[in-house]
Amino acid sequence: MDDSTKQMINGTLQKEEVAINHIRWDPDIAIRQFSLGQLVEWTLINTEPHPFHIHINKMQIVEKGGCGYRYEEGEYFDTIASPAPCRVRLQFWDYAGRVMVHCHKLKHEDRGMMVWIDVVGGVEHGVNGTSQIQCSAV
């Protein structure tokens, strides 16, 4: 497992501004980079008022005794709204490209509580997303 266990924090910068890890939405900047197939552990903080949602990959609860409510140890979720800090594990299995992470309250997401993480590796991958696929009839 990756040694760089870091926290993903849903929090506020100021009374009227929202952010993840104190970073507001910027369509050109990813806040983290991971390798395709990499296994990571995060501690999610402040998710009860700001449900933490990740696209593509599900997070496994690894917090001893679970994270409260219905978030039991060993279960998988793509959105977590826990009353306490919650330790999760996830692996970036089969998609290389930009992955969206955001607060699942749309009002907060729309105000900037949304970020990218980059998953790199695999065939012909660039940091700014996967290669365009050409589709044609057989």
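Which hand does the link of C67 and C86 have, right or left? With 80 degrees about the S-S bond, that link is right-handed. Keep in mind that you're looking at a predicted model, where local features need pLDDT of at least 70, side-chain atom pairs count only at pLDDT 80 or more, and totals for chains, interfaces and linings use all residues. Residues are numbered from 1 along each chain as its sequence is written, and side-chain values use heavy atoms, with hydrogens and water left out.

**The fold**
- The protein has 1 helix and 11 strands, going by DSSP runs numbered from the N terminus (helices are H or I with at least four residues, strands are E with at least two).
- Walk along the sequence and you get β-β-β-β-β-β-β-β-β-β-α-β.
- Take the contacts (heavy atoms within 4.5 Å) between residues at least 6 apart in sequence: 66% of them join residues at least 24 apart.

**The disulfide**
- The count here is 1 disulfide, meaning a pair of cysteine sulfur atoms within 2.5 Å.
- C67 and C86 make this bond, with their sulfur atoms 2.0 Å apart.
- C67 sits in the loop between β6 (59–61) and β7 (76–77) and C86 in strand β9 (residues 86–91), so the pair ties together parts that are 19 residues apart in sequence.

- Of the protein's 138 residues, 43% are buried, which means under 20% relative accessible area with a 1.4 Å probe, protein chains only.
- C67 and C86 are both buried.
- C103 is buried too, at a relative accessible area of 0%.

Terms used
Buried < 20%, exposed > 50% of the residue type's maximum accessible area, 1.4 Å probe, protein only.
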